[in-house]
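Dear colleague,

I am handing over the structure below, together with some notes on what was found in it. Please read the notes with the structure open beside you.

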Amino acid sequence: LGRKLGTGAHGVWSGWIAVAATPVLFYGAEFWEHAPAVALTTVALDLATPGAGSSRCRDCASGVCIGLAAMFRPEAAAALPALCLARLLVGKATGGWRAGLALAAGWAAVTALMLPANHAVYGTIIPEHLSLHLKFGAEHYLPQRAVIASTLLLPVEQVGIFVGASVVFALLATLRGGSPTAKLALAHGVALALIGVSVVVPLWRYAVEHTSWLTAFGTSSVAHTWPFAFVLVYVPSMSTSSTDPDVKRYLAISALALFAGIFLAMPLSGGAQWSARFLLPAATPAAVLASSALTARWPAVLTRRVRASVRFASITLLLLSVLVQVYGLRWLAIVKTLNANIVETTERLTSPGDVVISNLFWFPELSARLYSSRRFLFAWSPAEVPEIAARAAARGIRRFAVVTSTSETSYDPPRTIVVSGEVGAFVRTAGLDLGARSLKLYWYEPAPPEASLRRSTHAETRRAAVYPGAVEDPQDHR
């Protein structure tokens, strides 16, 4: 893609920058389906690039890649309308609409095979994540856009400055004419404001105000984790002779359309993550375009000092972006270590065949390595814990564990859980710390036959209202 911009050795630079300066580096190190999906959308971008070598066969192959990418990640399907729009706007004189038809044909060929497979496996023709979130309805959509914008797009602080600088950048990208020197001076100011809000302010708060780094730096926000994108403020000022204008516009429109399309379509923010993982397909075309500032030729009216300042600023921003991604890898290592400790502690505190109940959706996912030796059950609500306990008792199970985090779920496992049948009640015998994220494992065993289930009427009524089937011992105030 970089070579197609017509800047000589730029292809090598753009390749390294698209990996090392973007969250692609993080998701390449994580066993997740984002990296192969982004790889396929990037290949699709390359195949559909207008210009020499472009053909309907390459466009059709691009559509096939988009279909395959959508099998990994549903949001990758946004590449189809994005690339069709880019080809239509860029290639009006070269059959842009024919390219769109070829793209759609390739995508349809793969999707026609995927939909029956989805139905056979999941009982729905659309991807399971989408079918699950469509149940929330239209009233969920607009509030979720606000949540996504605040958590995935905007910085933790100084939102007004960031938005204002972004608006100025948009004007720079669309306005034609004017003094190149003045436009570059304005671009410098915009870049300085953006990098100040995204990196300098969090560093200041961390070093001087002793604020927690994770409080000052939004690890899931594009504003903090995409510094490479700030180099784009210089791209509109590049000389048209330094790049292929069609390829330049194609990459710009593709990146913007991918970003906007995924933002409008994504059902939720995506939980714990490094950067905005759903928006990752838009990062590679943006990075390739941003890296063109390193090898670009600038208008002759610009002095050598001005051109040097642009190059220096571009290199600085890209290096900062690389450092941010390296921090992301460090963050990944820390989180992986914590998660591994949780799983190892769970394994040590339980035995093969034990039943482990949790109302934390991520705990059974985290403990997948233990599925072959332990039975993990998920409780959608606290009320389901006594129901699961009753089913366990009916099947002859006389001991089970409950794993929860009271600070995260507000669920405090009761001292006694009453069930019907021979067992009568399970009594909490121990509460063990799993060592991270306020997790605790509570063991339950059958109550001794001679034990009396002491409880006050107030405590029983309160517990029964909140956790049906659960009874609290008033002597237990832990």
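Thr41 has its place in helix α3, residues 34-47, where helices are DSSP runs of H or I with at least four residues, strands are runs of E with at least two, and both are numbered from the N terminus. With a relative accessible area of 2%, Thr41 is buried, a word that here means under 20% relative accessible area, while exposed means over 50% and partly exposed in between, with a 1.4 Å probe and protein chains only. Leaving aside residues up to four places away in sequence, Thr41 touches Ala69, Ala76, Ala79 and Pro281, and contact means heavy atoms within 4.5 Å.

Before going further, please note that this is a predicted model, in which local features need pLDDT of at least 70 and side-chain atom pairs count only at pLDDT 80 or more, whereas totals for chains, interfaces and linings use all residues. Residues are numbered from 1 along each chain as its sequence is written, and side-chain values use heavy atoms, with hydrogens and water left out.

Gln273 lies in the loop between α13 (245-265) and α14 (283-291), and Gln273 is buried, with a relative accessible area of 5%. Not counting residues up to four places away in sequence, Gln273 touches Tyr27, Leu152, Thr219, Ser220, Phe278 and Trp331; from Glu387, which is 114 residues away in sequence, Gln273 is 33 Å away in space, C-alpha to C-alpha. Leu329, which is in helix α15, counts as partly exposed at 28% relative accessibility, and its contacts, not counting residues up to four places away in sequence, are Leu25, Phe26 and Ala29.

Helix α15 also takes part in a helix pair. Helix α10 (residues 180-207) and helix α15 (residues 304-349) pack at an angle of about 20°, and their axes are 11 Å apart; the axes are lines fitted to C-alpha atoms, for helices over the stretch in contact, and angles run from 0 to 180 degrees between N-to-C directions. That angle makes α10 roughly parallel to α15, since angles under 35 degrees count as roughly parallel, over 145 as roughly antiparallel, 65 to 115 as roughly perpendicular and the rest as oblique. On the α10 side the contact is made by Leu184, His188, Ala191 and Ile195, and on the α15 side by Val306, Ser309, Val310, Ala313, Leu317 and Leu320.

In a second pair, the axes of helix α5 (residues 79-90) and helix α6 (residues 96-122) come within 8 Å and cross at roughly 160°, which makes α5 roughly antiparallel to α6. Here Leu80, Leu83, Cys84, Arg87 and Leu88 of α5 meet Gly96, Trp97, Ala99, Gly100, Leu103, Ala104 and Trp107 of α6.

Lastly, the cysteines: a search of the whole structure finds zero disulfides, a disulfide being a pair of cysteine sulfur atoms within 2.5 Å. Cys60 is in no disulfide, and the nearest cysteine sulfur, that of Cys57, is 7.3 Å away; at 29% relative accessibility, Cys60 counts as partly exposed. The sulfur of Cys65 is 10 Å from the closest cysteine sulfur, in Cys60, and that is too far for a bond, while Cys65 itself counts as buried at 11% relative accessibility.
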